[in-house]
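Hi,

Here is the structure I promised to pass on.

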Amino acid sequence: MAAGTAAALAFLSQESRTRAGGFGGLRVPAPVTMDSFFFGCELSGHTRSFTFKVEEEDDAEHVLALTMLCLTEGAKDECNVVEVVARNHDHQEIAVPVANLKLSCQPMLSLDDFQLQPPVTFRLKSGSGPVRITGRHQIVTMSNDVSEEESEEEEEDSDEEEVELCPILPAKKQGGRP
């Protein structure tokens with residue numbers, strides 16, 4: 001990928017796609033599907049910002065979990081400040097600097113799955129980069145479609161689980177003890 005271009009990479013991780021009907025014996029009201037995609041973009045003097053957004057009509061829950069920011073080949077020994085623009089709990093747009101990278105002292109920063117709700121804009125506030133941002137785009141969808149067969153199976157399972165308990169009988173008294 002050429003320096004100065006921003007690109008979002010999305011690779012479906014087959015291992016991360018799961019279908020959960022319950023956890024540890026607990027029943028989840030609706031089946032949940034979780035997908036995880038690799039995310040990456042590059043900020044530089046030519047491309048100073050990148051916006052990650054999802055479709056408005058999508059009913060799924062989207063989370064962008066950032067893992068690392070690092071300077072890449074061609075970076076100068078200058079301060080590169082990366083700022084994230086997102087919405088807070090009151091749905092107001094806020095801008096927060098998340099990294100100050102310098103080739104000679106801190107060329108990379110681990111963000112340990114710093115989670116953001118899209119839309120999110122990354123800006124190279126100062127410096128010329130290039131700065132690579134990596135993470136995961138996680139999508140959680142809940143399916144409300146419960147087939148009649150699944151409902152019948154659940155009823156049969158609950159019937160099988162009902163076990164008759166024997167009543168507790170009083171203990172027999174033993175005759176005389178020596």
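How many salt bridges does the count come to? The count is 3 salt bridges, where a salt bridge means a side-chain nitrogen of Lys or Arg within 4 Å of a carboxyl oxygen of Asp or Glu.

Before the details, a word on the ground rules. This is a predicted model, with local features needing pLDDT of at least 70 and side-chain atom pairs counting only at pLDDT 80 or more, while totals for chains, interfaces and linings use all residues. Residues are numbered from 1 along each chain as its sequence is written, and side-chain values use heavy atoms, with hydrogens and water left out.

Now the salt bridges. Glu42 pairs with Arg132, and their closest N and O atoms are 3.3 Å apart. Strands here are DSSP runs (E, at least two residues), numbered from the N terminus. Both Glu42 and Arg132 are buried (buried is under 20% relative accessible area, exposed is over 50%, and partly exposed is in between, with a 1.4 Å probe and protein chains only).

Next comes Glu83 with Arg123, where the closest N and O atoms are 3.2 Å apart. Glu83 counts as buried at 9% relative accessibility, whereas Arg123 is partly exposed at 32%.

Then there is Arg136 with Asp113, whose closest N and O atoms are 3.0 Å apart. This pair also links distant parts of the chain, with Arg136 in strand S9 and Asp113 in strand S7 (residues 108-116), 23 residues apart. Arg136 is partly exposed at 25% relative accessibility, and Asp113 is partly exposed at 30%.

On to the sheet. Strands S3, S8, S5 and S6 form an open sheet of 4 strands in that order, with antiparallel pairing (two strands pair if DSSP finds at least two bridges between them). S3 (49-52) and S6 (93-101) are at the edges with a single partner strand each, so one side of each has no neighbour in the sheet. From one strand to the next the twist averages 20°, using axes that are lines fitted to C-alpha atoms and angles from 0 to 180 degrees between N-to-C directions. Strand S5 (residues 80-87) is joined to S6 by 8 bridges, and Arg87 stands opposite Glu93 in S6.

Cheers
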